[in-house]
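Please brief me on this structure. Keep it short and group the points by topic.

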Amino acid sequence: MEIIWFGILAVLLAGYFALEGFDIGVGLLLPFTGDRDKAVGAIGPFVLANEVWLVALGGVLLGAFPLLEGEVLSAHYGVVVALLLSWIVRDAGLWFRRRLDGPGWRAFWTGAITVGSLGLALSWGGVLAGIIGGPALLGLAYGVVVAVAFAFHGWTFLAWRLPGDAVAQGARRGGAALGVSAVVAMAPALVPLGVLAGDVVDRAAPSATLSVLSLIVLPFVPVLAGAQVWVWRSFGKGAVPTFF
Amino acid sequence: MDVLDLARWQFAVTASLHFLFVALTLGLAPLVAIMHTRYVRSGNPEHERLTRFWGQIYLVNYALGIVTGLVMEFQFGLSWSGLTHYAGDVFGAPLAIETLLAFFLESTFLGLWVFGWHRLPKRLHLACIWLVTLTAYLSAFWIMVANSFLQNPAGAVLQGDRLVLTDFGALLANPTLQMAFPHVLSAGLLTGGAVMMGASAYQLFRRTAEREFFARSLRMGVITAFVGAFFVVSFGFAQIGPVESVQPNKWGANALAGVAVGNMISIGMLLFLATGILLALLKWLPNWRWLHPLVMLITPMPFITVILGWLAREEGRQPWLIYGKLTVADALTPGLTAGQITLSFVGFVGVLGLLAVVDYVLIARLVRRGPERVPLGERPVPALTF
């Protein structure tokens, strides 16, 4: 049972990095993109379905690994707070940038997306380096690694979603290339998780809790997966929507 | 202020902010879903305009619900790891279920609804907003299950220095849950209805060109607010007995909780009365311009009662975090420093506070702008030509 929930934890972490990785990557690339509206529009329909993987990961930590949750978050207090604040700023940028007219308003909140995305990438580096016991400087360096991986993934996403468009310098990428860049985006998270797998499993909740969680959650996994697939089938092609 | 005070204030401010936005979300979601259903059934473009206008108000409000919610989720592990250590094996389960089965789906379907205009088949698109509503209500349910465990830790026993889950059914049968859950949902409807009628009254008072649009909205808002007020008062009184059966003298022993519960009841009754009168005058209300400022004045009232209700429930269990088992002081993260909590307090309260102000200003601006040029559901720019 612990192994199943460790698997769910790993899938959610990998999924978050593979999916939200390109949203954050596109956020990082916005200052270097000519058509920012189009770039934000490309990730727009995916963001809500992507960022929620981390919300789910937090829930699994709380429910299935509560000891780990308390230890990890409180031991890396500052950098977790930075991660949350960056996330908030990035989301505010997405939701607000088109709500009023005027170039100043939109440029300000577009800037918030980039600042938030940079904060997310760097603080993820800090959290991941921190849990394997690395010093602060390593965390910063690891953050740069995460940022570069996300930027590459974001760029590949744009070249896949809008092939030939100027948002990705006219490049065209297929689904296989996007898969490869997803693996690149996942790697910075999966390496530390693999190293720590034993410690994580040791901190799982007792089987009474895990049984209840399994009984209630597992039957719905096809529904969760189906909803995600529906997003990709609906928004992978066609005109870029304009709400965000 | 010491570390404990700051941690409590941080939780109180972020939780209250979260609740203000979530209450409106819970109220507006079914209203937008009903408008959208009418549009799909009748094909009437007026219903489409209603759905898009109120839908965007709902969404701008929703944005702050998300970002405040993120802090809520991770705050347990950050500053209250004593709680996750002592009771995480029990308390964590409903929260995990909430994130996986409710919010995960809510967020995914919301994205499909927001960006699915003119792209998804009409009926499937409509299904998305109903699924968003359903999963939002499920979210509220599981959050209330977790909260009710703090009020009355049923279904768990102490083993060593930690609580273990013995009876999941007891979590769901908790007497502090059964009446409180519909009480919260009704409070949401009251809030959503009050915002809708207040915004409509504002537009009608300004002699809007969109008279029919806002007269219709005003009527829908009043009916919803009355239904919400009726049930919020009913379930409110209905829960006093069950709650006091497990927390005797909850509102007598704590001064702040007592003041909060008293004022909540007074304002709640007043709202019930006021919305009842407005309902009786429904036929004439859109034309009676002199009454519109009064309708606008009602709008902030449900928000105030929502906060009072939260205070009554949470202050009333002090000094316990888990009633009778774990004090708030013992739940604090061991070794949390003044520097850390000050930093996060300033960061969260500052950023979320500013965003909340921006959000309410935006909602006011969108109400003022009216149903012309609503970006939600706009047709794609290069229109198809044949």
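Predicted model: local features only at pLDDT ≥ 70, side-chain atom pairs only at ≥ 80, totals over all residues.

Chain B has 386 residues, and 61% of them count as buried. The second largest pocket holds about 510 Å³ of space.

**Chain B overall**

- Chain B contains 13 helices and four strands.
- Its C-alpha atoms fill a box of roughly 75 × 50 × 40 Å along the principal axes.
- The radius of gyration of chain B is 22 Å. A compact globule with 386 residues would have a value near 21 Å, so the two agree.
- Take the contacts in chain B with a separation of 6 or more: 83% of them join residues 24 or more positions apart.
- Chain B exposes about 14,800 Å². Carbon and sulfur atoms supply 68% of that area.

**B:Thr25**

- B:Thr25 sits in helix 1 of chain B, which covers residues 3–42.
- Is B:Thr25 buried or exposed? Its relative accessibility is 7%, so B:Thr25 counts as buried. The cut-off for buried is under 20%.
- Which residues does B:Thr25 touch, leaving out those up to four places away in sequence? They are B:Tyr58, B:Asn61 and B:Tyr62.

**B:Gly276**

- B:Gly276 belongs to helix 9 of chain B, residues 255–280.
- Its relative accessibility is 22%, so B:Gly276 counts as partly exposed. That class runs between the 20% limit for buried and the 50% limit for exposed.
- B:Gly276 and B:Ala33 are 243 residues apart along the chain. Their C-alpha atoms are separated by 24 Å.

**The second largest pocket**

- About 510 Å³ of space lies in this pocket. It is lined by 25 residues.
- Which lining residues are closest to the centre of the pocket? They are A:Leu61, A:Leu68, A:Val72, A:Val127 and A:Ile131.
- Several helices of chain A each supply at least two residues of the lining. Among them are helix 1 (2–29), helix 2 (36–64), helix 3 (66–75) and helix 4 (77–96).
- How many lining residues are nonpolar, polar and charged? The lining has 21 nonpolar residues, one polar residue and three charged residues.

Note on methods. Residues numbered from 1 in each chain as written. Chains lettered and ligands numbered in written order. Heavy atoms only, no water. 1 Å grid on protein atoms, 1.4 Å probe; cavity = no way out; pocket = protein on both sides within 12 Å on 5 of 7 lines; lining within 4 Å. Points joined across faces, edges and corners; volume = space filled by probe spheres on them. Nonpolar A, V, L, I, M, F, W, Y, C, P; charged D, E, K, R; others polar. Rg over C-alpha atoms; globule rule 2.2 N^0.38 Å. Buried < 20%, exposed > 50% of the residue type's maximum accessible area, 1.4 Å probe, protein only. Contact = heavy atoms within 4.5 Å. Areas by Shrake-Rupley, 256 points an atom, 1.4 Å probe, with all protein chains shown as cover.
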